[in-house]
Amino acid sequence: MASLRFHIRYPEEKIPDPILYQIGQEFEVITSIRRADVRETTGWLDVEFTGETDEIDRAISGLRDKGCIVDPIELNIVE
Amino acid sequence: MAKMKSLVCRECGKEYPTKDIHVCELCFGPLEVKYDYDEIKASISREKIQAGPKSLWRYIDLLPVEGQPTVGKYAGFTPLVRAHNLGAFLGIDELYIKNDCVNHPTLSFKDRVVAIALTRARELGFETVACASTGNLANSVAAHASSAGMKCYVFIPGDLEAAKVLGNLIYRPNVVEIEGTYDDVNRLCSEIAGERHWAFVNINIRPYYAEGSKTLAFETAEQLGWRAPDQVVVPMASGSLLTKIWKGLKEFEKLGLIDQVSTKVNGAQAEGCSPIATAFKNGRDFFKPVKPNTIAKSLAIGNPADGYYALKTAAETQGAMESVSDDEIVEGIKLLAQTEGIFAETAGGVTIGVLQKLVKQGLIKKNDVTVAYITGNGLKTQEAVVDSVGRPIRIQPSLSQFTKKFALQEPA
């Protein structure tokens with residue numbers, strides 16, 4: 001089991017969708033939201049995913065397929 | 001008693017010991033160093049600083065290390081150039097260029113942050129350092145690790161220009177080219193940092209690393225004769241530099257080293273990667289990530305870690321943010337070179353271009369004491385200007401041809 005931390009940003013048109021709930025249903029990962037800011041025009045979540053590494057990878061791909069931008073919790077570190 | 005009290009979460013305020021951690025375990029907010037300013041105030045003075053080394057280590061009382069510097073002893077204390085010509089061109093009476101083009105040893109402001117990061121990494125017992133970078137940071141980490149005898153891993157995207165790869169290889173670090181997008185590099189490095197007991201300078205050492213940027217503010221204030229400027233113009237990549245320049249000025253004020261600070265902190269980005277400046281101009285307190293597309297590669301961070309804090313700083317100081325096109329960046333590089341004899345990399349072109357815009361918009365006024373931060377050397381990004389600087393005038397080795405070519409009169 002691994003625990004990985006991500007910053008997830010929603011596209012504006014997806015804000016009403018229960019995306020994290022869907023991911024929890026579609027993949028065997030436990031999600032724990034630590035901080036979030038969801039408004040009419042933007043939405044982001046800082047989330048911990050716990051599960052098998054390959055399953056977390058699949059869940060992240062699933063989020064990207066739904067139009068989310070997923071980064072490590074540190075955001076961009078390539079300077 | 002130690003000057004560093006703790007690491008503190010910038011969001012929830014939870015405190016941690018001063019170890020190699022960078023994210024709050026509770027809310028995942030970023031950590032930064034908390035100092036004991038009463039302790040520092042009891043010993044720091046202008047005279048003590050002036051008696052210190054001619055490097056950034058003269059401010060060691062305000063830097064996050066426990067002992068003496070062991071890496072990057074000569075970084076910092078770069079010239080603050082009174083820019084008479086550029087000032088006259090722009091219509092600013094008192095303009096200065098803080099010239100980190102000549103920082104030691106790798107000619108960019110990254111030598112500051114890396115000097116602090118590696119000194120602290122050694123204190124924490126690390127033998128291996130690492131970074132993910134496309135240019136200046138990699139150069140600096142590789143060079144400092146080489147001189148410190150530390151093992152070094154530099155992670156770069158697979159499509160980097162040959163000249164930039166060479167600039168790392170010369171120091172013989174382990175240069176790891178990752179096949180994939182910048183996002184892939186980003187994710188892999190974050191995972192490696194979690195797996196290995198390495199000092200990843202801009203991940204697990206970031207709270208210490210970032211503090212090195214404060215020294216630009218300290219030097220500015222000291223070199224101006226112990227006063228803060230009215231305006232600063234700062235290039236933004238992650239946004240960290242801008243926030244730390246403000247922090248540095250406020251620390252000097254808090255410790256009584258300078259009078260009250262009312263500096264306006266202005267941020268500069270390239271249009272091809274301007275998430276922070278765009279948010280500011282749209283009046284938002286949050287930014288939207290972008291895919292970078294600009295010649296200013298050293299500023300090309302599409303999802304900047306400190307973007308939110310940079311926006312807060314500009315708002316708090318009544319500063320502004322602007323962006324410039326690639327053409328304006330090239331013009332900015334040329335303007336600085338042709339007025340002040342300073343050849344800056346593309347980030348410098350961004351700073352000068354935005355400085356020009358802010359003056360035109362009336363946000364920087366004629367009598368504002370203004371400092372523009374030039375963070376890297378133009379020799380590193382020559383490809384950006386190679387097509388816009390003309391060619392040499394070719395002649396035969398003959399005095400008459402030289403005279404004819406330049407229509408000079410014969411000497412009397």
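The model is predicted. In it, 16 residues of chain A are in contact with 26 residues of chain B. Chain A has an open sheet of four strands, and helix 1 and helix 2 of chain A pack at an angle of about 140°. In chain B, helix 13 and helix 14 pack at about 90°, and a cis peptide bond is found between B:His104 and B:Pro105.

**Contact between the chains**

- On the chain B side, 26 residues touch 16 residues of chain A.
- Helix 7 of chain B (residues 182–195) supplies six residues, the largest share of that side.
- The residues on the chain B side comprise 15 nonpolar, nine polar and two charged.

**Sheet of chain A**

- The four strands of the open sheet follow the order 2-3-1-4, with antiparallel pairing.
- Strand 2 (30–38) and strand 4 (69–72) of chain A each have a single partner strand, so each has one side without a neighbour in the sheet.
- From one strand to the next, the twist averages 25°.
- Strand 1 (residues 2–10) and strand 3 (residues 43–51) of chain A run antiparallel and are joined by nine bridges.
- Opposite A:Phe6 stands A:Val47, which belongs to strand 3 of chain A.
- In general, the strands of a sheet pair through backbone hydrogen bonds.

**Helix pair of chain A**

- Helix 1 (residues 19–26) and helix 2 (residues 53–65) of chain A pack with their axes 10 Å apart, at an angle of about 140°.
- The two helices, helix 1 and helix 2 of chain A, are therefore oblique to each other, because an angle counts as roughly antiparallel only when over 145 degrees.
- The crossing of helix 1 of chain A with helix 2 of chain A is right-handed.
- Helix 1 of chain A contributes A:Ile19, A:Ile23 and A:Glu26 to the contact, and helix 2 of chain A contributes A:Ala59, A:Gly62 and A:Leu63.
- By class, this contact of helix 1 with helix 2 of chain A holds four nonpolar residues, one polar and one charged.

**Helix pair of chain B**

- Helix 13 (residues 326–340) and helix 14 (residues 346–360) of chain B have axes 7 Å apart and pack at an angle of about 90°.
- Helix 13 of chain B is therefore roughly perpendicular to helix 14 of chain B.
- On helix 13 of chain B, the contact residues include B:Ile329, B:Val330, B:Ile333, B:Leu335 and B:Leu336.
- On helix 14 of chain B, B:Gly348, B:Gly349 and B:Gly353 are among the contact residues.
- The contact of helix 13 with helix 14 of chain B divides into seven nonpolar, five polar and two charged residues.

**Backbone features of chain B**

- Most peptide bonds are trans, and most residues other than glycine have a negative phi.
- The peptide bond joining B:His104 and B:Pro105 is cis, with omega about 5°.
- B:Pro105 lies in the loop between strand 5 (95–99) and helix 4 (110–123) of chain B.
- B:Trp226, a residue other than glycine, has a positive phi near 60°.
- The loop between helix 9 (214–223) and strand 10 (231–235) of chain B holds B:Trp226, which counts as partly exposed because it has 14 C-beta neighbours inside 10 Å.
- B:Gln318 is not a glycine, yet its phi is positive, about 60°.
- B:Gln318 is in the loop between helix 12 (307–317) and strand 12 (321–324) of chain B, and with 12 C-beta neighbours inside 10 Å B:Gln318 counts as exposed.

Terms used:
Residues are numbered from 1 along each chain as its sequence is written. Chains are lettered from A and ligands numbered from 1 in the order in which they are written. This is a predicted model: local features need pLDDT of at least 70, side-chain atom pairs count only at pLDDT 80 or more; totals for chains, interfaces and linings use all residues. Two residues are in contact if their C-beta atoms, placed from the backbone, lie within 7 Å. Ala, Val, Leu, Ile, Met, Phe, Trp, Tyr, Cys and Pro count as nonpolar, Asp, Glu, Lys and Arg as charged, and the others, Gly among them, as polar. Two strands pair if DSSP finds at least two bridges between them. Axes are lines fitted to C-alpha atoms, for helices over the stretch in contact, and angles run from 0 to 180 degrees between N-to-C directions. Angles under 35 degrees count as roughly parallel, over 145 as roughly antiparallel, 65 to 115 as roughly perpendicular and the rest as oblique. A crossing is left-handed if the near helix is turned anticlockwise from the far one by less than a right angle, and right-handed if clockwise. A residue is buried if 20 or more other C-beta atoms lie within 10 Å of its own, exposed if 12 or fewer, and partly exposed in between; C-beta atoms are placed from the backbone.
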